[in-house]
Amino acid sequence: MTGAAVREDRSRSPRGVKDADLLDGFSAQQIFTSTTSMSGYTYDDLICLPGHIDFGVQDVCLHSNFTKKIKLKTPIVASPMDTVTECKMAIAMALEGGIGVIHTNLPMEEQAKEVMKVKKYKSGFIVDPICIPPTMTLAELDKLRSQSGFTGFPVTEDGRLGSKLMGLVTKRDTDFVKERDSTRVSSIMTNFDKLITAEEGIELSTANQMLRQSKRGKLPIISKERRLIALVARTDLMKNAEFPAATKDSNGSLCVAAAIGTRPADRDRVKVLAAAGVDAVIIDSSQGDSVFQHDMVKWIKSEFPDLQVVAGNVVTKRQAKNLIDCGADALRVGMGIGSICTTQEVCACGRAQASAVYNVAKYAKSRGVPILADGGISSPGHIVKALALGAGAAMCGSLLAGTEESPGEYFYADNGVRLKRYRGMGSIDAMKKGSDDRYFGTTSVVKVAQGVSGTVQDKGSVHRYVPYLTQGIRHGMQDIGSRSVQKLQEMLHAGEVRFELRSAAAQREGGVHGLHSFERKLFAS
């Protein structure tokens, strides 16, 4: 072998490999702008390739943008659906560093009240306790306990918060009563004159001290007229946690958003919501690039310039441009890809979500506008992919439905599984309550469903479930080799986040397979 041949042979050794030759997979730009492929891709069509890890999972920062001005420490948004987000969900999501969007299937005054409950929330105070009337029977109370999961309730004059407090009823009061169909709560409750109460305006630390000293389970907070304002519970005191990641405004109140439509009457809704202190409004439409939404965005930004406006939904760059030109502070991306959405099937219009997120996010970034990946999220891995494709946060519906904080009551299936109802805002049930405006159908004689109603399994509390999601996101970002969402998206546009397309066999291989049976436990705490 000649010297030249030896040198050529050595050049093929690992030491001679160039960095470009070690680059596996493809950049997002190569996948989504390829001229040889005419397919749209979903999250499951893609897999992120691992990078280099030189940091711990605890070092991953999830700070991101909900809108131009509202920042999140947890990139998760609760969707404006009537089986997902009212004040309880919005409070829990804000405490965990995300944000909730109050749905629009409510009269404007009721929606504003939900917003005010979030803005007035103080950690440790139960501001919307379930109240019962003194005329309720113990049989009815037993049913309420099984549905709500609570055992003790304040008894008010008309069974509502804000009316005169009559007493408290606990499990201890009812345990040994046999005639449950005929016995009324008023006959066995602890009457008001035997209760320990505190006046409105008390500090949480003082309320906690009163609970310790009195050794009572609950401390009602009342007004001077004896009207029930809130409740402090010993169980909450025992597990009272700080929420350092909470999403708050400049006054220290929790942030909350609310959904609106595009009808002329929705301008009055915006005024009421703004007066209630809402931080952002989301214009709720399945197809956002309409003259109705253009006019609404322009009107809101002229009348309430400091109110953040999230426009959408959009799935193309042209749609995005039109709404950003009108003044949108963020865009909601997704059409027909939710688990309960049938828009693509019924209307033959929409786009595969991964393709929509990447293309819209790339354009919106050039205009300094964040986007929300709305729909198609069923695991922490999908959130990682949404962030890796340029989203500022993931908007979740089915992922959060079934938690304790979502609206509705639990019930049991025949096999004993605990469930909650979940429905699309395009389902007939939801459209009858008013959400048909989202699909431009308020004046239609025939309502065409673009969603379904169903059930989801109990997921426990948001305060246990969201930490599981965020830890999964951190692990995913660590595997990719990114310390933060900002760094992840810098890597995306530099072509350093590498992807591959997965065949059907690869998708099967990537899930649980080859077992006779298995039990899926999401997390342990």
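Tutor: Start with a definition. A crossing of two helices is left-handed if the near helix is turned anticlockwise from the far one by less than a right angle, and right-handed if it is turned clockwise. Keep in mind that this is a predicted model.

Student: Which way does α4 pass α10, left-handed or right-handed?

Tutor: The crossing of α4 over α10 is right-handed.

Student: How do I describe such a pair of helices?

Tutor: Two packed helices are described by the angle between their axes and the distance between the axes. Here α4 packs against α10, residues 266–276, at about 20°. Their axes are 9 Å apart. Angles under 35 degrees count as roughly parallel, so α4 and α10 are roughly parallel to each other.

Student: Which residues of α4 and α10 make the contact?

Tutor: From α4 come Met108, Gln111, Ala112, Val115, Met116 and Lys119. From α10 come Asp268, Arg269, Val272, Leu273 and Ala276. Of the residues in this contact, seven are nonpolar, one is polar and three are charged.

Student: Now single residues. Where does histidine 103 lie?

Tutor: Find the loop between β5 (99–102) and α4 (108–119). Histidine 103 sits there.

Student: Is histidine 103 buried or exposed?

Tutor: Use the cut-off: buried means under 20% relative accessible area. Histidine 103 has 0% relative accessibility, so it counts as buried. Its side chain reaches the backbone nitrogen of asparagine 105 at 3.0 Å. Beyond its neighbours within four places in sequence, histidine 103 is in contact with several residues, including Pro80, Asp82, Glu86 and Ala259. Gln111 is also one of them, and Gln111 of α4 takes part in the contact with α10 too.

Student: What is in contact with serine 64, leaving aside its neighbours within four places in sequence?

Tutor: Lys71, Leu72, Pro75, Gly392 and Val485. Serine 64 belongs to strand β2, residues 64–65. At 7% relative accessibility, serine 64 counts as buried. A polar atom of its side chain lies 2.8 Å from the backbone oxygen of glycine 392.

Student: And alanine 394, which strand is it in?

Tutor: Strand β17, residues 393–396. Alanine 394 has a relative accessible area of 1%, so it is buried. Setting aside residues up to four places away in sequence, alanine 394 touches Pro75, Ile76, Val77, Ala373, Ile377 and Ile383. Pro75 is also a contact of serine 64. Sequence distance is another thing to check. Alanine 394 and arginine 332 are 62 residues apart along the chain, and their C-alpha atoms are separated by 9.5 Å.

Student: What should I look for in the backbone?

Tutor: Most residues other than glycine have a negative phi, and most peptide bonds are trans. So look for the exceptions.

Student: Where is there a cis peptide bond?

Tutor: Look between glycine 312 and asparagine 313, where omega is about 5°. Asparagine 313 is in strand β14, residues 308–314.

Student: What is the phi of lysine 215?

Tutor: The phi of lysine 215 is positive, about 60°, although this residue is not a glycine. Lysine 215 is in the loop between α8 (204–214) and β10 (218–222). Its relative accessibility is 70%, so lysine 215 counts as exposed.

Student: And what is the phi of arginine 226?

Tutor: Arginine 226 has a positive phi of about 75°, and it is not a glycine. Its place is the loop between β10 and β11 (228–233). With a relative accessible area of 23%, arginine 226 is partly exposed.

Technical notes: Residues are numbered from 1 along each chain as its sequence is written. This is a predicted model: local features need pLDDT of at least 70, side-chain atom pairs count only at pLDDT 80 or more; totals for chains, interfaces and linings use all residues. Side-chain values use heavy atoms; hydrogens and water are left out. Helices (H or I, at least four residues) and strands (E, at least two) are DSSP runs, numbered from the N terminus. Buried means under 20% relative accessible area, exposed over 50%, partly exposed in between (1.4 Å probe, protein chains only). Contact means heavy atoms within 4.5 Å. A polar contact is a pair of N or O atoms within 3.5 Å; within protein, one must be able to donate a hydrogen and the other to accept it, and residues adjacent in sequence count only if both atoms are side-chain atoms. Axes are lines fitted to C-alpha atoms, for helices over the stretch in contact, and angles run from 0 to 180 degrees between N-to-C directions. Angles under 35 degrees count as roughly parallel, over 145 as roughly antiparallel, 65 to 115 as roughly perpendicular and the rest as oblique. Ala, Val, Leu, Ile, Met, Phe, Trp, Tyr, Cys and Pro count as nonpolar, Asp, Glu, Lys and Arg as charged, and the others, Gly among them, as polar.
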